Amino acid sequence: MPAQEPPASGGGHEELSAAVASLTAENATLRERLTRRHLTDLATGILVTQLEASPAEAAEHLVLLAEATGLSAEDLAADIVNSAAGTIAVTSPTSPVGDEGAVAEARRIRRVATAAEANDTVSEAAATLLQGGMSPLGVESLWLWRLTESDCLRLAGHAGVSAGEATRWQWIPPAAPAPFQQVVTEGSPVWLASGPPPDVALPGPGPEAARALLPLRLRGSTVGLALAVWPGRADLDESVRRALTDVIEVAARVLNATDTEPSQSPLLDDLVDALAHPAMTLRRDPATSSLSVEHLNGPASEALGGTHQTGQPLEVALPRHHSDLALLSRRAHSGTSLQRAARLPPEHGAGSPAPLLDVRVLPVGAERTVVLWHTSSDRRLSATRAVGQLQGVAPFEDDLTRGTSKWSEQAYGILGIDRESEPIPLTALRLRVHPEDRDDLTELLMTLTERRKGAVAVVRVIRDDGGMRHVRIAAEPLMEEGALTGITGITGVYQDVSTGFHTEVALTATFDQLTAVQAQATLRHRLVLQLQQAIVPEMPALQRLPGLQATARYRPAAQEYRVGGDWYDVIPLPSGKVLVAVGDIAGHGIDAATGMVALRNALRGLAFTGRTPGRLMEWLNDVTVNTQGHPTATAVCALYDPADRTLCWASAGHLPLLLIRDGRARLLDPPRDILLGAVPSFVYQERTTQLLPGDTLLLYTDGLIERRHDGLDEGLTTLLRAAEKLSSLEVEEQADRLLSGATGDTDDDTSLIAVRVCPER
């Protein structure tokens, strides 16, 4: 196809701008519609429980109630949800609530919370909460952290925050400032109307800016922490506290909804990217034990010359270093969690990338290794380049003869000393250093003054305000004919590396957690597979039943630890009939699996009573209603009578059966009956279908056809076409090819039964 010529005038730009504006408006409309739908769905669900009605009846009742009260469906839905949450009573013409302003405000907050839940990411939800619910309270920015299993806080989303500040506070280790600890351990909010204490650093525009730290709690447990920040001091009275608490309550559900178990690679990439010094992730091939570069952070790519791309074998990416790194990796995985290596030289001599210094290797599971290092050309170790490019760096000069020092302005802030005080020489800094780090400072001074070499050390400095900072000291002795000059005997920089240190603490804690998870992964995977096989045992390749050939297939969920709620059953009964059934419990996990086992076994036992499918489905519905956890499920229950080749069947909201006859496929229209477990004592209708020799019947669950961005109609149409193309195959091959060519992409598990009526003899 020939390339299109660019537009001759600015008309193309105008068309593009108009298209972007149109798409933006359409997206906003769809988002608003989704929010309204989500709110009315919540209200409908509440009415289902309160009225003991079906979902359709509850939805109709909501419409009628809105007409009767003169409210919009959205306002009424907000009132119903608020009433169920205990926020405010439902309004009606006959029982008005006294303060209409409070009712209107409660509706507004509920709409904001619902809109936040409809967002795709935590940051989008944070922006919705900030703009719609917190800005009227004067809040300038919102932070949302998720509590990890290693007790670190990981920044999950934010709004009104710069990218640089978000990076700085991406990880908060367990040894966090006191307000964070109080909120996480006690589960109680902290209100700071005039900012935190002087020795506590928190995100925000200044030390006196008001802040509120609130726990994010879900089902009685703290799952994260929220921080609201004002631009300055604020009056955090009871009304502000109550309003903020009401708005932020939804954030815990947002965190939970987006807290899908990530693969190790994205999590490691995020952690490695948070480090200020070079770091990379290596991946080991289990078959060959060879190493490849999986990920490089920015400093690593820069240190290696920017030419080393991910995905390359280690011997190609780092030809001179690969054997040393491979050795360190093997040692680390053999049991040592941290390895230090001597200086690794530059890759290709003069002008090549800098050498690798202080190499550290951390094993992460059986297949990954994280490598961290420094370089001699690291900007953080060079005073002349660091001052203009890095925050928290302060040059100093010590006169060893006079015992005096000269500091830059930044040094006073880093070391926590009043600017009116005299600068402290490096040789007199010992009393301000944490006792456990004083030997490191002594070693640094000996290297500078006795060995007359440059040196670097990281020590904890106790500040006058009681706070503590991790400070890197990089210094050089000034030499003149082999002796110290005595004028400016030591020159160097102080650098506040507290943020990076906290990130490394969080990184190490998370590495330990991931290693433990990886160590259990094989066992866990085996147990999950055993559980799936016990729940839905493999059916023999082909069963010959009275008048039928039958085969079944089960495909677990794509995510290896998600046990699903699908089941199937094909069993002959004493009456000579054959039970054919499929079902799908809502949800995943152990709760769904245990509920599914209860229903599958209950249907098996009930089928031996000889009752019809409609009656069996009524009993199964009662079992579901009384099952712990109150699950819901779709199901089809069918009885085939070989005497007259009739199929009597009932459906509880399940997908239609598919009949293949003479090479043509069609869907059997099911009764419009509700899910199992929706309401008690429901009467299910029955259908009777006359089958002919050679007919094939398919019963299946939605994992076979459901796609994220398509409706069920498209999936069913695709299934019909595929079934017709495969109609001439034997029933076993037909089932295999239908399952392998399934169009579903929702990572749901799938059950499929194919039964064929035996031909006449």
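Buried, in this talk, means under 20% relative accessible area. Keep that cut-off in mind. Take Asp695: its relative accessible area is 3%, so Asp695 is buried. I'll come back to its partner.

This is a predicted model, so confidence comes next. The mean pLDDT of the protein is 75. Of the residues, 67% score at least 70. Among the elements, strand β27, residues 687–690, has the highest mean, at 96. Helix α13, residues 383–389, has the lowest, at 38. Two stretches deserve a flag. Residues 345–351 have pLDDT below 50, with 18 contacts in the model beyond near neighbours in sequence. Residues 377–391 also stay under 50. For residues 377–391 the model has 21 contacts beyond four places in sequence.

Now, salt bridges. Side chains of opposite charge can pair when their charged atoms come close. How many salt bridges does a search of the whole structure find? The search finds 15.

Arg661 is partly exposed, at 23% relative accessibility, whereas Asp695 is buried at 3%.

Glu436 is exposed, at 59% relative accessibility. Asp437 joins in: Glu436, Asp437 and Arg460 form a network of salt bridges.

Arg615 is partly exposed at 30% relative accessibility. Glu618 is buried at 15%.

On to cysteines. A disulfide is a covalent bond between the sulfur atoms of two cysteines. The whole structure has 0 disulfides. Cys637 is buried, with a relative accessible area of 1%. Cys758 is partly exposed, at 23% relative accessibility.

Last stop, helix α7, residues 178–186. Which of its residues are buried? They are Pro179, Phe180 and Val183. Seen down the helix axis, these buried residues fall within an arc of 105°, so they line one face of α7. On the other side, Ala178, Thr185 and Glu186 are exposed. What covers the buried residues includes six strands by name: β1, β2, β3, β4, β5 and β6. Just after the helix, Gly187 takes a positive phi of about 65°.

One more glycine. Gly195 is in the loop between β4 and β5. It counts as buried, at 12% relative accessibility. Leaving aside neighbours within four places in sequence, Gly195 is in contact with Pro207, Glu208, Ala209, Ala210 and Arg211. Gly195 and Ala212 are 17 residues apart in sequence. In space they are 9.2 Å apart, C-alpha to C-alpha.

Conventions: Residues numbered from 1 in each chain as written. Predicted model: local features only at pLDDT ≥ 70, side-chain atom pairs only at ≥ 80, totals over all residues. Heavy atoms only, no water. Buried < 20%, exposed > 50% of the residue type's maximum accessible area, 1.4 Å probe, protein only. Helix = DSSP H or I, 4+ residues; strand = E, 2+ residues; numbered from the N terminus. Arc of directions from axis to C-beta. Contact = heavy atoms within 4.5 Å. Disulfide = S-S within 2.5 Å. pLDDT = per-residue confidence, 0-100. Salt bridge = Lys/Arg side-chain N within 4 Å of Asp/Glu carboxyl O.
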